[in-house]
Amino acid sequence: MTKLLGISGALRKASTNTKLVHEAARLFEPSSFEIGNLRLPLYDGDLESEKGIPPEVITLTDQIKAADAIVISTPEYNGNLSGVLKNALDWISRVEGKPLAGKPVAVLSAAGGRSGGTGAQVSLRTCLTPLFPRVLPGPVVGIAASHAAFDENGRLKDEAAIGFLTTLMQALRAEVERLA
């Protein structure tokens with residue numbers, strides 16, 4: 001039973017990054033799939049000292065620990081990953097046992113601009129480095145003009161994008177099987 005966890009770096013209900021995570025899951029064909037909730041308090045060392053790790057963070061890190069693989073999709077804000085996603089990574093880094101260490105991770109992005117959020121992917125990969133996941137090197141999946149990239153059912157319309165995403169999900173599945 002292969003468990004896939006999706007993490008979208010956007011909170012909007014109609015987020016194209018959330019749609020992209022769902023498309024990745026569809027192509028990965030996991031036995032189980034769930035989305036991590038990034039509605040977390042802002043990281044604050046004083047809050048951590050006074051109250052410990054918030055329950056929402058514990059829930060997210062438990063999902064990470066239980067997952068066989070993780071797909072993370074980030075929007076691009078001013079050339080970087082979203083603050084929401086960076087905040088989640090900061091909280092995750094504070095949890096004992098390094099929950100992301102050794103986990104196969106595929107990085108994606110969807111953005112309104114021509115680059116499809118590939119600048120955000122670079123910053124996300126940098127932020128993931130100290131957490132020690134097994135980030136797949138590619139292929140790069142960055143969905144440009146993402147507001148028009150999905151049909152009414154949330155499916156990608158562009159065959160080339162579907163091809164790249166399929167190849168990335170096949171690589172993620174192969175990594176899970178290699179580590180099993």
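Colleague: Which residues line the largest cavity?
Modeller: In this predicted model, the largest cavity is lined by Ile7, Leu38, Ile64, Ile72, Leu85, Ala88, Leu89, Ile92 and Leu100. A cavity here is a set of points on a 1 Å grid over the protein atoms alone where a 1.4 Å probe fits but cannot get out, and lining residues have an atom within 4 Å of a point.

Colleague: And what volume does the largest cavity have?
Modeller: The volume of the largest cavity is about 40 Å³, taken as the space filled by probe spheres set on the points, which are joined across faces, edges and corners. Counting cavities of 30 Å³ or more gives 1.

Colleague: Which helix gives the largest share of that lining?
Modeller: Helix α4, residues 83–93, supplies 4 residues, the largest share of the lining of the largest cavity. Helices are DSSP runs of H or I with at least four residues, strands are runs of E with at least two, and both are numbered from the N terminus.

Colleague: OK, at what angle do α3 and α4 pack?
Modeller: Helix α3, which spans residues 55–66, packs with α4 at an angle of about 80 degrees, and their axes are 10 Å apart. That makes α3 roughly perpendicular to α4 (65 to 115 degrees).

Colleague: Which residues make the contact?
Modeller: From α3 the contact is made by Val57, Leu60, Thr61 and Ile64, while α4 brings Ala88, Trp91 and Ile92, with contact meaning heavy atoms within 4.5 Å. Ile64, Ala88 and Ile92 are named in this contact and also among the residues that line the largest cavity.

Colleague: Changing topic, which residues does the cis peptide bond join?
Modeller: The cis peptide bond joins Gly138 and Pro139, with omega at about 10 degrees. Pro139 itself sits in the loop between β5, residues 134–135, and β6, residues 141–143.

Colleague: What is phi of Glu29, and where is Glu29 found?
Modeller: Glu29 is not a glycine, yet its phi is positive, near 55 degrees. You will find Glu29 in the loop between α1 and β2, the latter being residues 32–35.

Colleague: And what about phi of Phe132?
Modeller: Phe132 is not a glycine either, and its phi is positive at about 65 degrees. Phe132 belongs to the loop between α5, residues 118–128, and β5.

Colleague: How are residues numbered, and which pLDDT do local features need?
Modeller: Residues are numbered from 1 along each chain as its sequence is written. Local features need pLDDT of at least 70 and side-chain atom pairs 80 or more, whereas totals for chains, interfaces and linings use all residues, and side-chain values use heavy atoms, leaving out hydrogens and water.

How values were computed. On a 1 Å grid over the protein atoms alone, a cavity is a set of points where a 1.4 Å probe fits but cannot get out, and a pocket is an open set with protein on both sides within 12 Å along at least five of seven lines; lining residues have an atom within 4 Å of a point. Axes are lines fitted to C-alpha atoms, for helices over the stretch in contact, and angles run from 0 to 180 degrees between N-to-C directions. Angles under 35 degrees count as roughly parallel, over 145 as roughly antiparallel, 65 to 115 as roughly perpendicular and the rest as oblique.
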